[in-house]
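Hi everyone, thanks for coming. I have one structure to show you today, so let me put it on the screen and we can walk through it together.

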Amino acid sequence: EINNLRSLEGENRSLRREIDNLASRNSDAQAEIMNAQKQFDSIQGENDSLRREINNLRSLEGENRSLRREIDNLASRNSDAQAEIMNAQKQFDSIQGENDSLR
């Protein structure tokens with residue numbers, strides 16, 4: 001029975017070493033998981049930041065289209081105004097010519 005107890009004692013020590021080894025490997029794995037989680041969180045934060053920037057750029061894109069439409073509208077109105085000025089100049093020249101002939 002003593003031999004049996006000594007054998008169990010040896011097996012117990014062996015099992016304790018195996019438990020310690022597994023506990024150490026588990027601890028290392030936990031540290032790797034924590035590091036991976038920190039990297040993931042960092043990448044997620046960067047991703048969120050990029051999404052916000054993309055949304056801002058899309059908003060600016062819409063604003064840009066609106067400003068281009070406004071520029072086109074103003075250019076058209078300017079062209080119309082230029083035509084009116086030319087027409088008024090022709091009328092003025094015509095009246096001026098009549099005036100000169102009446103003198």
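Let's start with the charges in this predicted model.

The partners are R65 and E61, whose side chains meet at 4.0 Å, N to O. Both sit in helix 1, which covers residues 2-102, and because R65 and E61 are 4 residues apart there, about one helical turn separates them. As for the surface, R65 is partly exposed at 46% relative accessibility. E61 also counts as partly exposed, with a relative accessible area of 46%.

Now let's zoom out to the overall fold. The protein has 1 helix and 0 strands. Its radius of gyration is 44 Å, whereas the globule rule gives 13 Å for 103 residues, so the protein is more spread out than a compact globule. You can see that in the box as well: along the principal axes, the C-alpha atoms fill roughly 150 × 15 × 10 Å.

And what share of the 103 residues is buried? That would be 0%, taking buried to mean under 20% relative accessible area. The protein exposes about 9700 Å² in total, with carbon and sulfur atoms supplying 49% of that area.

That's my tour, so over to you for questions!

Notes. Residues numbered from 1 in each chain as written. Predicted model: local features only at pLDDT ≥ 70, side-chain atom pairs only at ≥ 80, totals over all residues. Heavy atoms only, no water. Helix = DSSP H or I, 4+ residues; strand = E, 2+ residues; numbered from the N terminus. Rg over C-alpha atoms; globule rule 2.2 N^0.38 Å. Buried < 20%, exposed > 50% of the residue type's maximum accessible area, 1.4 Å probe, protein only. Areas by Shrake-Rupley, 256 points an atom, 1.4 Å probe, with all protein chains shown as cover.
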